[in-house]
Amino acid sequence: MKIDRLIGILSILLQKDSVTAPYLASRFEVSRRTISRDIEHLCKAGIPIMTRQGAGGGISIMENYKISHTLLTNTEMQDILAGLRSLDSTCGTNRYGQLMEKLSPGSSDFMTASQSVLIDLSSWYRDSLAPKIETIRAAIDSCRLLEFLYYAPAGESMRAMEPYYLIFRWSSWYVWGWCRKRQDFRLFKLNRMESLCLADTFSKKPVPLPELKNEHIFPGGIRVRALFDASCKWRLVEEFGTGCFEEQPDGRLLFHADYTGRENLLTWLLTFREQAELLEPEYLREELQNALLRTLHRYRSDES
């Protein structure tokens, strides 16, 4: 939509000293003529945008400009501020503060009213995530290959990828891009990436948006039935919702779900210790029994 693109262009101009029309056209997948019209509309809205021709030229906002409150509604600005605060919470940047400095003091209620939406995306891994995110953003902006060591269930391996999107989903950060080893687009989890570095430049490919539906990434396939103690109800509700179990006459909870993977299921059940009993599938029940016997044997061996 046009208004979304205008806000996007304004956001880029506030973050960068200068950008070119071809860069904006590529970023928003429109023609240079459309970008020229967008710049004209922003100028008519009262934003002093300067354009410079020739080598070293580009599009920029006049230094020390303060955003007028007539450009955005209070609700729109509150959403922008909440989003910037959430990014700052992850990256350790100060984009929220920088934008606030560009706003005219007292120009609107959003300067004094309390925030009603606070988003904190930080995690236990903030110290390691922040530099990774900045490195990946630099690679995306400059079309540089990203090389890294990746830890996967099948083992670790060195990868080289053409990064296109940083994604926050399922409470974690991912990067989507073309994996040169697999010769296909892949989704990599940042917490499994180490030793990130930038390499040669690459030419952009037509990029499909990642398919992020849960059933695509986590296809399921394991029909699970298990009994849980009543004290586990809060966890089942938190992780699967209230429709995942039926209360039994003895107070226990009969759980049923379509689970995504064998190893994840067994690991998850073990976090409940003696408060859970897997009923189906039978082959995994036997595997869990054998795993518990091997664990018991190891502990007994340590004691002896």
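Is Phe-255 buried or exposed, and what is its relative accessible area? I looked this up to start my notebook: Phe-255 is buried, with a relative accessible area of 0%. For this I took buried as under 20% relative accessible area, exposed as over 50% and partly exposed as in between, with a 1.4 Å probe and protein chains only.

**Ground rules.** I am working with a predicted model, where local features need pLDDT of at least 70, side-chain atom pairs count only at pLDDT 80 or more, and totals for chains, interfaces and linings use all residues. Residues are numbered from 1 along each chain as its sequence is written, and side-chain values use heavy atoms, with hydrogens and water left out.

**Helix H2.** Next I went to H2, residues 21-28. Helices (H or I, at least four residues) and strands (E, at least two) are DSSP runs, numbered from the N terminus. The buried residues of H2 are Ala-21, Leu-24 and Ala-25. They span an arc of only 100° around the axis, so they sit on the same side of H2; the arc is taken from the directions from the helix axis to the C-beta atoms. Just after H2, I found Glu-29 with a positive phi of about 55°.

Strand E1 (residues 49-52) pairs with E2 in the antiparallel sense over four bridges; two strands pair if DSSP finds at least two bridges between them. Ile-49 has Ile-61 as its bridge partner in E2. Five residues lie between the two strands of this hairpin, and Gly-54 in the turn has a positive phi of about 85°.

Which way do the residues of E2 point? I saw Gly-58 and Ser-60 pointing one way and Ile-59 and Ile-61 the other way, and all are buried. In a regular strand, side chains alternate between the two faces of the sheet.

**Aromatic pairs.** My search of the whole structure gave 17 aromatic pairs. Rings of Phe, Tyr and Trp (its six-membered ring) pair if their centres lie within 6.5 Å; planes under 30 degrees apart are stacked, over 60 edge-to-face and the rest tilted.

Another edge-to-face pair is Phe-240 with Phe-255, at 5.2 Å centre to centre and 70° between the planes. Phe-240 lies in helix H8 (residues 233-240) and Phe-255 in strand E10 (residues 253-259), so the pair ties together parts 15 residues apart in sequence. Phe-240 counts as partly exposed, at 34% relative accessibility. I also noted that Phe-240 and Phe-255 belong to one aromatic cluster, with Phe-228, Tyr-259, Trp-268 and Phe-272.
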